[in-house]
Amino acid sequence: MTKLLVVDDEPSVRKLIKRFFEARGFEVYVAENGMQGWSTTRDANPDLVLTDVSMPDMDGYELTRTIRRNPATASIPIILLSAHRQADAMVQGYESGADDYVAKPVDMEVLRHKIDALIRRSATAGSEMRQATGKLICVTSAKGGVGTTTLVANLSVLLCRRNETVCALDLNLEHGDLPVMFDLTPKSSMSEAVRDLGTLGDNFQWDDYLARHASGPRVLAAPFKPHEASGLDDGVVTSITNRLRQLHDYVVADLPPSYSDSAISTYENAERIVVVTSPEITSLRRTRELLGVLQSLGIPDERVLVVLNRIIDVAGIDARRTESFLRRPVATTIPNGGSTFVEAVTSGRPMVLSHGNSPSGEAIIELAGML
């Protein structure tokens with residue numbers, strides 16, 4: 001018997017569709033919002049999901065992206081229902097991963113034929129996954145304390161505004177603080193994900209390990225205990241990164257100063273490497289060394305973006321002098337934000353959410369446009 005899941009916050013719509021398809025031999029499950037819809041998708045493994053777009057808690061677009069992100073559910077056909085007939089709404093539906101978009105009010109016979117066709121197509125395709133490789137953005141520095149973690153949080157928020165799916169990945173394996181930037185308290189970290197990937201197989205669900213911020217990004221935390229980092233070698237880190245890239249449009253990695261095997265692999269696999277430095281001589285010296293290492297690895301200069309973050313104000317070191325010292329252009333300069341960044345970290349609210357029009361916010365927005 002074909003299993004159909006109907007997700008809609010209007011009881012009358014759920015009742016109508018359930019009655020129609022049960023009379024035609026379907027087994028019909030219902031959910032009244034996206035969160036319930038995702039839970040039922042995981043538990044019931046329906047042959048097709050029919051979901052409204054406008055719903056509380058989690059809308060139809062987000063439900064679709066969530067289903068597509070998880071290997072066990074990624075191949076389930078999805079039809080979006082919406083009262084919006086505008087072209088841009090339909091485009092957004094398809095971009096989220098939906099197979100079809102049906103405007104309300106619904107012609108039930110047309111809907112039935114669409115469902116039959118999608119289920120036949122799904123059966124023919126088998127279990128083939130509709131996965132693309134997302135872009136890996138590595139944000140790093142040659143010296144700590146220059147604001148890389150703060151920059152990762154803000155860039156992740158900005159990339160989500162493009163309707164992109166984004167995972168912020170904490171590769172500071174021993175002392176990661178990335179979730180703090182979002183005021184998140186993850187239940188699981190990379191250590192638990194690695195452990196359970198090997199035991200759960202197809203039942204592994206990434207959403208159980210990724211903490212979600214209200215602005216859109218998901219976050220995979222570093223191990224909660226520093227000693228657990230010793231079990232995460234280059235192969236493990238690369239495998240986790242690649243899996244996340246299959247499920248997201250962007251993976252933004254927060255990589256501390258390092259020349260370890262896993263760091264070098266991250267440099268080599270990244271589409272963009274954002275190297276953050278500050279107007280301070282030791283930071284600039286080490287940054288020049290890092291740029292030399294990247295060059296020796298054969299990484300093209302155009303993949304590397306140098307960012308001058310003025311966490312301290314040193315009048316004699318501006319972008320021009322920084323470029324002269326590094327022999328590399330500065331992609332953007334982030335002005336000193338005063339207490340703005342401190343307040344953002346303390347509140348766990350990335351700065352661009354409340355101070356996007358500030359000079360610092362505008363500089364980060366400009367950088368996001370280069371990624």
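In which helix does alanine 363 lie? Alanine 363 sits in helix α15, which spans residues 359-368. The model is predicted. Its chain holds 15 helices and 13 strands.

**Overall shape**

- The chain has 371 residues, and a compact globule of that length would have a radius of gyration near 21 Å; the chain has 23 Å, which agrees.
- Along the principal axes, the C-alpha atoms fill a box of roughly 75 × 45 × 35 Å.
- Of the 371 residues, 51% count as buried.
- Among contacts in the chain with a separation of 6 or more, 73% come from residues 24 or more positions apart.

- Alanine 363 counts as buried because its relative accessibility is 6%, below the 20% cut-off.
- Leaving aside neighbours within four places in sequence, alanine 363 is in contact with Thr332, Thr333, Ile334 and Pro335.
- The C-alpha atoms of alanine 363 and threonine 333 are 6.7 Å apart, although 30 residues separate the two along the chain.

**The eight-stranded sheet**

- An open sheet is formed by 8 strands, in the order β8-β9-β7-β10-β6-β11-β12-β13.
- The pairing in this sheet is mixed.
- Strands of a sheet pair through backbone hydrogen bonds, either parallel or antiparallel.
- Cysteine 167 stands opposite arginine 218 in β9.

- How many residues of β3 (residues 48-52) are buried? The count is 5 of its 5 residues.
- In a regular strand the side chains alternate between the two faces of the sheet.
- Both faces of β3 are covered. Leu48, Leu50 and Asp52 are buried on one side, and Val49 and Thr51 are buried on the other.
- β3 pairs with β1 (residues 3-7) in the parallel sense, over 4 bridges.
- Leucine 5 has valine 49 of β3 as its bridge partner.
- β3 also runs parallel to β4 (residues 78-82), joined to that strand by 4 bridges.
- Aspartate 52 stands opposite leucine 81 in β4.

**Helices α9 and α10**

- α9 (residues 234-247) and α10 (residues 261-269) pack at an angle of about 30 degrees. Their axes are 8 Å apart.
- The crossing of α9 past α10 is right-handed.
- α9 contributes Asp234, Val237, Thr238 and Arg245 to the contact, while α10 contributes Asp261, Ser262, Ser265 and Asn269.
- By class, this contact has 1 nonpolar, 4 polar and 3 charged residues.

**Phenylalanine 26**

- Phenylalanine 26 lies in the loop between α1 (11-22) and β2 (27-31).
- Not counting residues up to four places away in sequence, phenylalanine 26 touches Met1, Thr2, Leu4, Phe21, Ile115, Asp116 and Ile119.
- Phenylalanine 26 and threonine 287 are 62 Å apart in space, C-alpha to C-alpha, and 261 residues apart in sequence.

How values were computed: Residues numbered from 1 in each chain as written. Predicted model: local features only at pLDDT ≥ 70, side-chain atom pairs only at ≥ 80, totals over all residues. Heavy atoms only, no water. Axes fitted to C-alpha atoms, helices over the stretch in contact; angles between N-to-C directions. Helix = DSSP H or I, 4+ residues; strand = E, 2+ residues; numbered from the N terminus. Left-handed = near helix turned anticlockwise from the far one by under 90°. Contact = heavy atoms within 4.5 Å. Nonpolar A, V, L, I, M, F, W, Y, C, P; charged D, E, K, R; others polar. Pairing = 2+ DSSP bridges. Rg over C-alpha atoms; globule rule 2.2 N^0.38 Å. Buried < 20%, exposed > 50% of the residue type's maximum accessible area, 1.4 Å probe, protein only.
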